[in-house]
Amino acid sequence: MANDKPGLEGVIAAAKAQAPGRGLPPVHLWNPAHCGEIDIVIKKDGLWFHEGTPIGREALVRLFSTVLRKDPDGFHLVTPVEKMRITVEDAPFIATRVDREGDTLKFLTNVGDEVAAGPENEIRVEMCAATGEPRPYLHVRRGLEALIARPVFYELVEMALERDTPEGPRLGVASNGAWFPVGPAGAHRL
């Protein structure tokens with residue numbers, strides 16, 4: 001898959017080259033040279049901006065999300081021949097919906113990913129040091145996470161059951177044979 005277009009046009013061309021229905025491009029197998037930064041920012045609320053302007057085309061955001069990769073030095077849009085760093089303020093995706101199907105919690109992200117929580121796609125909850133509020137995340141793929149939207153997190157809390165843990169009683173949810181705490185021990189009893 002050759003790509004001779006530089007920058008943003010090259011990213012678009014490489015992402016489009018992935019045939020529909022064949023799944024995500026194998027960005028984890030591509031090892032292009034780092035080509036610098038591109039002025040794309042994914043805001044905390046999941047909105048994507050290019051050069052300070054929101055990217056209004058949902059299809060373009062979804063396209064970019066398929067070539068997004070997290071490396072030790074940050075987030076990058078990757079093609080077979082280019083690797084460009086972008087800025088991600090929190091998590092690159094937002095989990096906007098959750099449904100229970102049997103013993104599985106299935107999430108939908110703002111870019112159309114469907115993710116079944118379980119041992120390979122864990123739910124984790126951090127507590128914000130400044131506000132004490134929970135910051136829940138879902139692993140989506142290859143180190144990329146989705147911030148779980150507040151209404152979706154409230155649904156999880158409604159589904160949660162108490163379990164005794166070494167730290168004390170905790171609320172959590174089960175999915176695909178894994179159990180995920182949704183807050184600190186004893187917090188639900190305050």
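Within strand E12, Ile148 is the bridge partner of Ala95. This pair belongs to the contact between strand E7 (residues 93–101) and strand E12 (residues 144–148), which run in the parallel sense and are paired over 3 bridges; strands (E, at least two residues) and helices (H or I, at least four) are DSSP runs numbered from the N terminus, and two strands pair if DSSP finds at least two bridges between them. The model is predicted, so that local features need pLDDT of at least 70 and side-chain atom pairs count only at pLDDT 80 or more, whereas totals for chains, interfaces and linings use all residues. Residues are numbered from 1 along each chain as its sequence is written, and side-chain values use heavy atoms, with hydrogens and water left out.

E7 and E12 are part of an open sheet of 6 strands, in which the order is E9-E8-E7-E12-E11-E10 and the pairing is mixed. At its edges lie strand E9 (114–116) and strand E10 (123–127), each of which pairs on one side only. On average, neighbouring strands of this sheet are turned by 40° against each other, direction ignored; axes are lines fitted to C-alpha atoms, for helices over the stretch in contact, and angles run from 0 to 180 degrees between N-to-C directions. Helix H3 (residues 150–159) packs on the sheet, where it touches E7, strand E8 (104–109), E10, strand E11 (134–141) and E12, and the direction of H3 makes about 30° with that of E7. Contact means heavy atoms within 4.5 Å. Ala149 is placed in the loop between E12 and H3 and, when residues up to four places away in sequence are not counted, touches Ile94 and Ala95. The C-alpha atoms of Ala149 and Val98 are separated by 10.0 Å, the two residues being 51 residues apart along the chain.

A further open sheet consists of 3 strands in the order E13-E14-E15, with antiparallel pairing. Its edge strands, E13 (161–165) and E15 (178–181), each pair on one side only, and neighbouring strands are turned by 55° against each other on average, direction ignored. E13 pairs with strand E14 (residues 168–175) in the antiparallel sense over 5 bridges, and Arg163 stands opposite Arg170 in E14. Strand E4 (residues 68–71) and strand E5 (residues 74–78) are also paired in the antiparallel sense, over 4 bridges; a hairpin joins them through 2 residues, and Arg69 has His76 in E5 as its bridge partner.

A search of the whole structure finds 1 aromatic pair. The ring centres of Trp48 and Phe64 are 6.4 Å apart and the ring planes stand at 20°, so the pair is stacked. Distant parts of the chain are linked in this way, with Trp48 in strand E2 (residues 48–50) and Phe64 in helix H2, 16 residues apart. Rings of Phe, Tyr and Trp (its six-membered ring) pair if their centres lie within 6.5 Å, and planes under 30 degrees apart count as stacked, over 60 as edge-to-face and the rest as tilted.

The largest cavity is lined by Val27, Leu68, Arg69, Arg141, Arg142 and Leu144. A cavity is a set of points, on a 1 Å grid over the protein atoms alone, where a 1.4 Å probe fits but cannot get out, and lining residues have an atom within 4 Å of a point.

Key
1 Å grid on protein atoms, 1.4 Å probe; cavity = no way out; pocket = protein on both sides within 12 Å on 5 of 7 lines; lining within 4 Å.
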